[in-house]
Number of protein chains: 2
Amino acid sequence: MERKRISPNSIGIVGLGLIGGSLGLDLQALGYEVHGLVHRRSTAEKAQERKLAQVISLDPTILADCELIILALPLDQLLQPSEALINALPTSAVITDVGSVKEPVLKIWQGLHQNFVASHPMAGTNESGVEAGREGLFKQRPWVATPDAKTNKDALRMVSQIAIDLGAEWIETESKRHDQAVALISHLPVLVSAALLKTLGNEENPAMISLAKQLASSGFADTTRIGGGNPNLGLAMARNNTAAIINALKSYQKNLNDFEKALLTKDWSQVKFELEQTKQLRPKFLKNDS
Amino acid sequence: MERKRISPNSIGIVGLGLIGGSLGLDLQALGYEVHGLVHRRSTAEKAQERKLAQVISLDPTILADCELIILALPLDQLLQPSEALINALPTSAVITDVGSVKEPVLKIWQGLHQNFVASHPMAGTNESGVEAGREGLFKQRPWVATPDAKTNKDALRMVSQIAIDLGAEWIETESKRHDQAVALISHLPVLVSAALLKTLGNEENPAMISLAKQLASSGFADTTRIGGGNPNLGLAMARNNTAAIINALKSYQKNLNDFEKALLTKDWSQVKFELEQTKQLRPKFLKNDS
């Protein structure tokens, strides 16, 4: 039995930063009428120049005729939506978001709209802002939805169809499990990497700093990349996924203490065993060993 | 006053793995007669096929006429050299090594040869063995020497000339400072990265493992790259630079505990401050923000 395809005629995007702007470009290319709501006049002008949507405005009423509205807002704004935004969302529309933490988003937004679908397209670059959006950002990237028993099935189907049309890999899981998984593979690594940079930063001898800089290689560059990234993203993760991150951090600290103990006791067979294990573990968590 | 250029006529390389093989290819291209000493017949055959040196043998006497001999051995073998190797090194030759830790190497080898120059070309790939050597490996990479008061100046000059001819950036520093710097920018990151992989490996719920695998992105790939690398390299570092690594690890653990404390007390201004600092720190330790 073939399912009826539920396609929206026009799509609203709230926020035209990296994610919102990229959505705007791709959705227009797919033939949708896209309405972009932004906060500042300067953003609207730049978004206009970059043609991130057909209609761009600071006026929430441009969302009135949209059948799907994607809240592409930073997590903090998503969790504290303005009255004006809430009132501008048509009751019959499907609403989804792009937040990187799902339990608190689902909790708040399910109370605000009957057709809310919590989702998280896991695509990104180091860029942010109205200049950052680019075509094809979601291709072959995971797009996770975290529906629960209250989620409207048709609304979920509409969001999944759009994600798949954008080339993303659609995944459904529980919000709590999503948040634990991203704590492990995304949020914990930010802290681990940042603490490494801070260890170099603690060094006070200028000769040592200069030597470390001369010797730092691609391995150091790789390990510190996400710890030297956007502080606001890191802060939003820490703030909104605190419990899961603390759990992951405790497990991590134990593993690091085990390494320290092996070094202190010169237990080389243990060090070797652990490094052999981690070499085998890595490909298990990466689709392509990049 | 122009310095007399001291060029060796023939160069011996002990070990034709990644570093030794790459040296062999580049030094032949520079016009040197290269003699490669290897340990196994199968290695000799493959090295012959790959033309890693003009003369390749299991017999240490091929080093007899070499004016410069580069010990391109794994750190463990370098620190426990065989009698046969020691006896095969001509007294008048200049001897250098490529080991990634310098204090123990300098200590042992200065007692074994009057013209020993401790050095560390910081070039590498994930490959190892006789198939790994490739042309141009040392170009624009640091090549650190750690001479002390006992180091023969002419010997040091010969090694520096070769390193520069190979396209490397020559750096001289104290052995202790070198070992502290590589503990911070190279050895500590291996443990930090490995402990992150182990944290994922501790996860027992198969649904969580599968989800984490689906969601792992380039950030996770980057942060875990060196922790999933060659276990023997990691072990050699741990074993031979233990004290400096433990110091670096203690400083790292303190920084991580500070992050944990900020999360536990929900001190978001502190988290934000730290992440802003680390964002500013990263470019200070990288020549090119790669």
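A residue is called buried if 20 or more other C-beta atoms lie within 10 Å of its own, exposed if 12 or fewer, and partly exposed in between, with C-beta atoms placed from the backbone. The model treated here is predicted: local features need pLDDT of at least 70, side-chain atom pairs count only at pLDDT 80 or more, and totals for chains, interfaces and linings use all residues. Residues are numbered from 1 along each chain as its sequence is written, while chains are lettered from A and ligands numbered from 1 in the order in which they are written.

**Exercise 1. Describe the surroundings of M122(A).**

Step 1. Helices (H or I, at least four residues) and strands (E, at least two) are DSSP runs, numbered from the N terminus. In these terms, M122(A) sits in the loop between strand 7 (119-121) and strand 8 (142-145) of chain A.

Step 2. M122(A) counts as buried because 21 C-beta neighbours lie inside 10 Å.

Step 3. Two residues are in contact if their C-beta atoms, placed from the backbone, lie within 7 Å. Leaving aside residues up to four places away in sequence, M122(A) touches R141(A), P142(A) and V144(A), as well as L215(B) and S217(B) of chain B.

Step 4. V144(A) is 22 residues from M122(A) in sequence, yet the C-alpha atoms of the two are 7.5 Å apart in space.

**Exercise 2. Determine how chain A and chain B are related and what chain A contributes to their contact.**

Step 1. Copies are superposed by least squares on the C-alpha atoms of residues with pLDDT of at least 70 in both.

Step 2. The contact joins 82 residues of chain A to 81 residues of chain B. Elements of chain A that give two or more residues to this side include strand 8, helix 8 (206-215), helix 9 (218-224) and helix 12 (268-284). The largest share, 21 residues, comes from helix 7 of chain A.

Step 3. Ala, Val, Leu, Ile, Met, Phe, Trp, Tyr, Cys and Pro count as nonpolar, Asp, Glu, Lys and Arg as charged, and the others, Gly among them, as polar. By this division, the side of chain A that touches chain B has 44 nonpolar, 24 polar and 14 charged residues.

**Exercise 3. Identify the domains of chain A and characterise the contact between them.**

Step 1. Domain bounds come from an automatic or database domain assignment. For chain A, the assignment gives domain 1 (10-173) and domain 2 (177-284).

Step 2. The centres of the two domains of chain A, taken over C-alpha atoms, are separated by 32 Å. Domain 1 of chain A gives 15 residues to the contact and domain 2 of chain A gives ten.

Step 3. On the side of domain 1, helix 3 (75-79) and helix 5 (103-110) of chain A are the elements that give two or more residues. Helix 3 of chain A provides the largest share, three residues. The residues on this side divide into six nonpolar, six polar and three charged.

**Exercise 4. Work out the strand order and the edges of the open sheet in chain B.**

Step 1. Two strands pair if DSSP finds at least two bridges between them. Six strands of chain B form an open sheet in the order 3-2-1-4-5-6, with parallel pairing.

Step 2. Strand 3 (55-57) and strand 6 (116-117) of chain B stand at the edges, each with a single partner strand, so one side of each has no neighbour in the sheet.

Step 3. Strand 5 (residues 94-97) and strand 6 of chain B pair in the parallel sense over two bridges. F116(B) in strand 6 of chain B is the bridge partner of I95(B).
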